[in-house]
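Student: I've got a model open on my screen and I'd like to talk through it. Can you take my questions one at a time?

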Amino acid sequence: MSSPRMPALFLGHGSPMNVLEDNRYTHTWQQLGQTLPRPKAIVAISAHWYTQGTAVTAMAQPRTLHDFGGFPQALFDKRYPAPGSPALAQHVQSLLAPVAVHADTGEWGLDHGTWGVLIKMYPEADIPVVQLSIDATRDAAYHFALGRKLAALRDEGVMLVASGNVVHNLRTVRWQDEAEPYPWALSFDQFVRENLSAQEEPHPLIAYRQHQDAALSNPSPEHFLPLLYVLGSRIGDEPVTVPVDGITLGSISMLSVQVG
């Protein structure tokens, strides 16, 4: 019996403190883990592995990376001991050919953009996870195209889980959770929402930097680009839905997107 086609998810991950907290965003991630078809494996794309060239974790036991500072010890004590999958890493390399994908066997692991959301979705850490890096040298269209190539995994029981924030400006953060969102943050978040289901070529969100509020909303691109992998993996006219949305700290969008 064939596996059901797996959804593809983009999760707005926000602060690492979401690992320790219970809020409407973490509840949504938990609910997704409980209600979606259970994947055989996960390919994760995180804003926090932003590299020269493309790499994939290819170790059997990826380590939990605490790639942040200034947070409580309880956060550093958390581990997410999900197994890796060298075989899946090799499959990702073949799917993305002729792009040269480096097999990382020890330098990286699972960073907080990945395990910080998966620890809520799949707290047992019993689903193999492979993480793909984001090539900082390439444009938005390139990342969308890689998502297209990864779409085949979804019919093999593999879930794509990308993690970032479509509005991510740390320099303008207001350090109260319920701080009033900046008008430009609301404007850009709404622009993204309105274009999620677009089917024209090229996809309008590839040209996101042309939006008047893009420069303030994304001073650098790494938190936005993971969304393009998920939109690129859409097959036909699959539904695109928003499990949760909201802006925290004034300038961090927590928009999450589900394809399929």
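Student: Let's start with Leu-249: does it count as buried or exposed?

Tutor: Keep in mind that this is a predicted model. Leu-249 sits in the loop between strand E8 (247-248) and strand E9 (252-253). The cut-off for buried is under 20% relative accessible area. Leu-249 has 11% relative accessibility, so the label is buried.

Student: What is the phi of Leu-249 near?

Tutor: Leu-249 is a residue other than glycine, yet its phi is positive. The value is near 55°.

Student: Which residue is joined to Pro-202 by a cis peptide bond?

Tutor: Find Pro-202 in the loop between helix H6 (183-195) and helix H7 (214-217). Its cis bond has an omega of about -10°, and the partner is Glu-201.

Student: Now helices. At what angle do the axes of H3 and H5 cross?

Tutor: Two packed helices are described by the angle between their axes and the distance between the axes. Here H3 covers residues 86-96 and H5 covers residues 140-150, and their axes come within 9 Å. H3 is therefore oblique to H5, with a crossing angle of roughly 120°.

Student: Which residues make that contact, and how do they divide by type?

Tutor: The crossing of H3 and H5 is right-handed. H3 brings Val-92, Leu-95 and Leu-96, while H5 brings Leu-146, Lys-149 and Leu-150. By type, the contact of H3 with H5 has five nonpolar, no polar and one charged.

Student: What do the buried residues of H5 pack against?

Tutor: The buried residues of H5 are Ala-140, Tyr-142, His-143, Phe-144, Leu-146, Gly-147 and Leu-150. Two of these, Leu-146 and Leu-150, also take part in the contact with H3. The buried residues of H5 pack against strand E2 (41-51), strand E3 (54-57), H3, E5, E6 and H8.

Student: Which residue forms a salt bridge with Arg-154?

Tutor: The closest N and O atoms of the pair are 2.7 Å apart. Arg-154 is in the loop between H5 and E6, and its partner is 84 residues away in the loop between helix H8 (225-232) and strand E7 (240-244). Both residues are buried. Arg-154, the partner, Arg-5 and Asp-155 are linked in a network of salt bridges, and the partner is Glu-238.

Student: In the salt bridge of Arg-193 and Asp-245, what is the N to O distance?

Tutor: Arg-193 is in helix H6 and Asp-245 is in the loop between E7 and E8, 52 residues apart. Arg-193 is partly exposed at 37%, whereas Asp-245 is buried at 15%. Their side chains meet at 3.0 Å.

Student: Last one: which residues does Pro-219 touch?

Tutor: Pro-219 lies in the loop between H7 and H8 and is partly exposed, with a relative accessible area of 32%. Pro-219 and Asn-169 are 50 residues apart in sequence, but their C-alpha atoms are 6.5 Å apart in space. Leaving out residues up to four places away in sequence, Pro-219 touches His-168, Asn-169, Arg-171 and Arg-209.

Key:
Residues numbered from 1 in each chain as written. Predicted model: local features only at pLDDT ≥ 70, side-chain atom pairs only at ≥ 80, totals over all residues. Heavy atoms only, no water. Axes fitted to C-alpha atoms, helices over the stretch in contact; angles between N-to-C directions. Helix = DSSP H or I, 4+ residues; strand = E, 2+ residues; numbered from the N terminus. Parallel < 35°, antiparallel > 145°, perpendicular 65-115°, else oblique. Left-handed = near helix turned anticlockwise from the far one by under 90°. Contact = heavy atoms within 4.5 Å. Nonpolar A, V, L, I, M, F, W, Y, C, P; charged D, E, K, R; others polar. Buried < 20%, exposed > 50% of the residue type's maximum accessible area, 1.4 Å probe, protein only. Salt bridge = Lys/Arg side-chain N within 4 Å of Asp/Glu carboxyl O.
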